[in-house]
Amino acid sequence: MAQLVRVHNFMVSSDGYGAGEGQSLERPFGHADPAQLGAWAFATASWPNRSDPGGSRGLDDYMVRDFHRNIGAEIMGRNKFGPQRGPWADHEWQGWWGRQPPFHTPVFVMTHHERPSFRLSDTTFHFIGGEPAAVLRRAFEAAEGKDVRLGGGATTIRQFLDADLIDTLHIAVAPVQLGAGSRLWRSPEELRDRYHHDVVPSPSGVVHHLFWRR
């Protein structure tokens with residue numbers, strides 16, 4: 001089977017923003033509240049950070065469980081990796097996720113300021129420059145026949161959309177408006193010239209948008 005480039009469980013506001021303005025160490029999503037954007041996922045039985053029994057089942061839970069299916073590598077933008085900008089002042093920062101990152105695959109961080117790779121648990125982070133197609137070639141090689149997940153943020157996903165490199169997208173639209181920040185779209189209708197599009201509302205209030213190539 002051909003390797004795919006997949007966006008999965010990417011969360012945006014109802015006005016199309018994947019993160020707010022003013023990202024910092026204390027506020028990874030800027031002025032956006034991740035508890036609002038991700039409430040549907042955090043409530044599921046399969047949420048990996050769940051510390052108590054229970055949780056919802058159904059569509060939302062299925063989407064959370066499907067996150068790792070056949071994924072061999074991830075690509076993300078530097079803003080998803082951390083709050084720093086410009087040249088690295090030091091190499092102490094190793095991401096938002098602590099000693100056990102949730103990826104369990106090689107991760108390729110797109111940046112104009114490269115730094116040495118490092119490994120945490122079963123995740124290796126590589127920092128590379130270049131156009132989306134070149135980064136994707138590296139990720140496909142590392143994925144060893146499995147799919148590549150494009151993790152975000154919104155600006156990185158737009159780069160790959162503009163280069164026509166994404167095969168499927170799952171975008172979870174939360175019932176909250178941000179008004180500003182990193183925008184994925186003004187309307188999901190923007191993608192209908194290239195993708196089939198299904199819209200599936202969930203009882204949790206989130207609306208799942210599913211896209212696959214025409």
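**Questions on a predicted model**

Modeller: Gly 153 lies in the loop that joins E7 to H6. The model under discussion is predicted.

Biologist: What is the omega of the peptide bond from Gly 152 to Gly 153?

Modeller: Omega is near 0° there, and the bond is cis.

Biologist: Which residues of H6 are buried?

Modeller: Ala 154, Thr 156, Ile 157, Phe 160 and Leu 161 are the buried residues of H6. Each is therefore under 20% relative accessible area.

Biologist: How do you know on which side of H6 they lie?

Modeller: They cover an arc of only 160° around the axis, so they are on the same side of H6. Thr 155 and Asp 162, on the other side, are exposed. After H6 comes Asp 164, with a positive phi near 55°.

Biologist: Which residues touch the most other members of the largest nonpolar core?

Modeller: Ile 75, Ile 157, Ile 166, Leu 169 and Ile 171 do so, in a core of 29 residues. Among the elements that give two or more residues to this core are strand E1 (5–12), helix H5 (132–143), helix H6 (154–162) and strand E8 (168–173). A second, separate core has 13 residues, including Met 11, Ala 41, Met 63 and Val 176.

Biologist: With which residues is Leu 169 in contact, its neighbours within four places in sequence left aside?

Modeller: Its partners are Val 7, Ile 157, Leu 161, Leu 191, Tyr 195, His 209, Leu 210 and Phe 211. They are called contacts because heavy atoms lie within 4.5 Å.

Biologist: How do the lining residues of the second largest pocket divide?

Modeller: Eight are nonpolar, three polar and four charged. Of the 15 lining residues, His 8, Asp 66, Arg 69, Thr 168 and His 170 lie nearest the centre of the pocket. Asp 66 and Arg 69 therefore count as charged, whereas His 8, Thr 168 and His 170 count as polar. The space in this pocket is about 190 Å³.

How values were computed. Residues are numbered from 1 along each chain as its sequence is written. This is a predicted model: local features need pLDDT of at least 70, side-chain atom pairs count only at pLDDT 80 or more; totals for chains, interfaces and linings use all residues. Side-chain values use heavy atoms; hydrogens and water are left out. A nonpolar core is a set of buried Ala, Val, Leu, Ile, Met, Phe, Trp, Tyr and Cys residues joined through side-chain atoms within 4.5 Å. Buried means under 20% relative accessible area, exposed over 50%, partly exposed in between (1.4 Å probe, protein chains only). Helices (H or I, at least four residues) and strands (E, at least two) are DSSP runs, numbered from the N terminus. The arc is that of the directions from the helix axis to the C-beta atoms. On a 1 Å grid over the protein atoms alone, a cavity is a set of points where a 1.4 Å probe fits but cannot get out, and a pocket is an open set with protein on both sides within 12 Å along at least five of seven lines; lining residues have an atom within 4 Å of a point. Grid points are joined across faces, edges and corners, and a volume is the space filled by probe spheres set on the points.
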